[in-house]
Amino acid sequence: MIYTKGLAINYKGGKQLTFKDLHIDRGQQWLLKGHSGTGKTTLLHILSGILPPSAGIVSIGDVIINELPQSQLDKFRASSIGLIFQKNLFVSSINMYNNLVIGKKLAGQQIDKTKILKLTDELGISALINKMPYQLSQGEQQRFSIARALVNDPKIILADEPTSSLDDTNCERFINSITTLCNKHNVTLLIATHDNRFNEQFQNAIQLA
Amino acid sequence: MRDILQLAISQLKTKPFNTTLSIVMFTIGMSIISVLMHFENHAQQRMENDIAGIDMVIGAKGSPLQLVLSSVFHADNPTGNISLQDADKVKKHPLVKKTVPIALGDNYKGYRILGSSNEYAQLYNAQLSEGQWNNKVMEVVLGAKVAYHTELKVGDEFTGVHGFMDVGHSHDEHVYRVTGILHENGSVIDKMILTRVESVWAVHGGRHDTCDHEHHEDGGHQHSENCQHEHHEDGEHQHNESCQHTHHEDGEHQHSESCQHAHPVNNSIESIIKKVENNKELTAQEMSLYNEYRGHISEKQLAPEEAITALLVFYKSPMAATTLPRMINQNTSMQAASPAIELNRLMSMLGVGFTTIRLLAWIIIFFSAINLLIHMLNRLNQELNEIALLRALGISRLQSLLLLLSHGLILALSGWLLSIITTRIALVTLTHYFEQMDFQGIQPLLAGEYYLLVYAIGIGALAAFIPAIKAYNTNIHFLLNKL
């Protein structure tokens with residue numbers, strides 16, 4: 001599902017960052033581990049097509065995304081990749097339901113409301129969908145992040161330090177939710193983290209150095 | 001696209017105060033320009049309409065602008081009278097197609113009583129809304145506004161007041177009768193009381209006779225002239241009143257006595273001089289004698305039946321414009337003025353004022369445009385992370401560009417729309433409070449307002465341009481990393 005070869009990124013000033021080749025099969029759940037500054041976020045951004053690599057190839061489900069033109073790359077990202085960010089990012093002027101569907105809407109895709117409500121039920125946040133982002137707690141927002149990542153029926157979900165601002169209870173709840181849901185929907189999961197609370201649940205890990 | 005607009009509107013709604021302020025700033029500037037355009041357009045249209053194709057106005061010597069103002073726009077006092085004989089010569093000139101006489105003198109409650117022929121009403125395509133045209137002497141037809149404000153009806157009778165102010169000497173012995181009321185047609189005729197030239201002659205001539213009679217006893221020609229003189233100048237009611245007074249209240253005998261009484265006064269300049277020294281009031285006769293004594297020159301005056309105030313002239317061919325006015329101005333005691341030229345002169349004088357105010361309004365909308373720009377940049381700085389988020393969620397660069405563009409356009413277009421509405425409300429309100437303005441109903445869009453729309457779109461796009469470029473080039477990776 002996720003396959004990379006010879007990935008490298010050049011920074012201004014001649015500094016280069018190279019990455020190990022990845023090979024992640026469909027439905028697998030991986031951790032991307034490493035200290036700050038080892039390129040976890042950068043790798044995730046390369047995988048999601050946000051950042052074009054200086055060298056190498058990225059293939060997501062048979063599509064070599066670094067060869068796609070920008071507009072198709074945007075579309076591909078909207079339809080195949082779910083992103084969960086370190087901070088809870090939402091469009092502050094629209095309610096949670098619209099935040100869940102905004103990407104789909106603007107990408108011109110059909111919206112199946114019952115399916116979305118089923119998803120929010122599974123996450124226990126259906127009662128909150130008419131609230132505005134600032135009315136929710138951190139934990140609630142993070143669960144909406146999961147919902148938003150899953151709304152598109154993505155092939156993969158990439159999460160960047162999703163638990164760094166969560167307490168133990170919320171963290172456990174988050175880990176349980178996301179692993180269960182990804183299993184259920186057969187979604188490949190890659191979580192970049194330095195949080196050791198994940199270790200028990202994940203067999204596969206990539207260590208960046 | 002609809003979704004982008006919805007998102008833009010939601011985003012604007014979250015900062016209602018900022019958004020409203022930007023729109024209101026933009027609205028104020030554009031409303032001022034818009035109202036000005038309506039004023040100017042309206043004034044020009046009204047005046048051109050009032051000219052009604054009149055090629056030339058002939059009247060007594062004086063200011064050509066005054067002549068045109070007084071006998072075409074009815075906004076000033078006449079320059080004087082011209083003799084019917086001279087007017088007839090113009091009428092018979094081969095280059096003249098048609099002439100319409102104008103005889104002014106009196107008013108009723110501030111509305112001018114205009115003696116003319118039936119052709120005058122035809123100039124403005126005036127239609128009767130009730131009653132009949134005035135076919136006989138002392139019959140009048142009222143303009144719509146006159147009827148509305150004076151509440152006169154068909155069949156009502158009234159007397160005129162001398163001059164053009166609604167207070168003054170009234171011609172009580174001459175009663176006008178209303179035979180018809182005109183439809184409102186937005187021209188000067190709405191504020192006129194139309195009658196025949198003969199009616200004006202009758203009112204002033206009749207009185208002239210009594211005066212003349214008196215003066216004949218005195219044997220003074222100058223007196224009759226002086227009497228006549230007063231008819232055409234405002235504010236010399238002492239004489240008239242003294243005439244009326246003797247005539248009405250004291251009866252014939254007393255009247256002749258008063259005239260008799262005048263004789264010794266006339267004969268002794270010394271007594272008049274004594275009166276002057278003692279600051280006592282002089283009668284008009286005494287005044288004219290005193291003037292004569294002091295060596296003032298009094299002009300020969302015309303009998304009312306021989307005079308009209310002005311003559312409206314229509315040329316047979318454009319060639320007349322080059323020859324006729326010059327001929328009249330050089331060879332006769334009359335003057336010729338072109339309404340079109342005088343109107344242009346007037347507008348160019350007023351134009352300076354219009355230009356200044358318009359300049360101010362443009363400065364206002366220039367700064368409101370800058371305000372809009374600052375507003376947009378501020379927003380972007382706050383919302384760049386949201387744009388990065390949307391981009392990460394798969395929204396294309398073009399869509400993020402459109403999102404910002406819709407922000408700018410929504411602000412600018414609501415500003416324009418609001419200014420159009422404000423302008424309409426302002427015009428209706430002003431018309432309601434000021435009689436001089438008569439914007440009828442909701443005004444249609446002027447060409448200038450379409451230009452304002454183009455300007456608004458331009459400003460909206462420009463205000464969005466810099467933020468949009470910034471958003472377009474946003475490095476999402478860099479931005480997300482910073483969060």
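**Close-up views of the contact between chain B and chain A**

**View 1. Extent of the contact between chain B and chain A.** In this predicted model, 23 residues from chain B and 23 residues from chain A take part in the contact (heavy atoms within 4.5 Å). About 2200 Å² is buried between chain B and chain A, with 67% of that area from carbon and sulfur atoms; buried area is the accessible area (1.4 Å probe) that two parts lose on being put together, summed over both.

**View 2. Salt bridge between A:Asp74 and B:Arg391.** The count between the two chains is one salt bridge (a side-chain nitrogen of Lys or Arg within 4 Å of a carboxyl oxygen of Asp or Glu). The closest N and O atoms of A:Asp74 and B:Arg391 are 3.2 Å apart.

**View 3. Helices of chain B at the contact.** Helix 1 (2-13), helix 14 (339-392), helix 15 (397-433) and helix 17 (476-482) of chain B each supply at least two residues of the side that touches chain A; helices are DSSP runs (H or I, at least four residues), numbered from the N terminus. Helix 1 of chain B gives the largest share, six residues.

**Notes.** Residues are numbered from 1 along each chain as its sequence is written, and chains are lettered from A in the order in which they are written. Local features need pLDDT of at least 70, side-chain atom pairs count only at pLDDT 80 or more, and totals for chains, interfaces and linings use all residues, while side-chain values use heavy atoms, without hydrogens and water.
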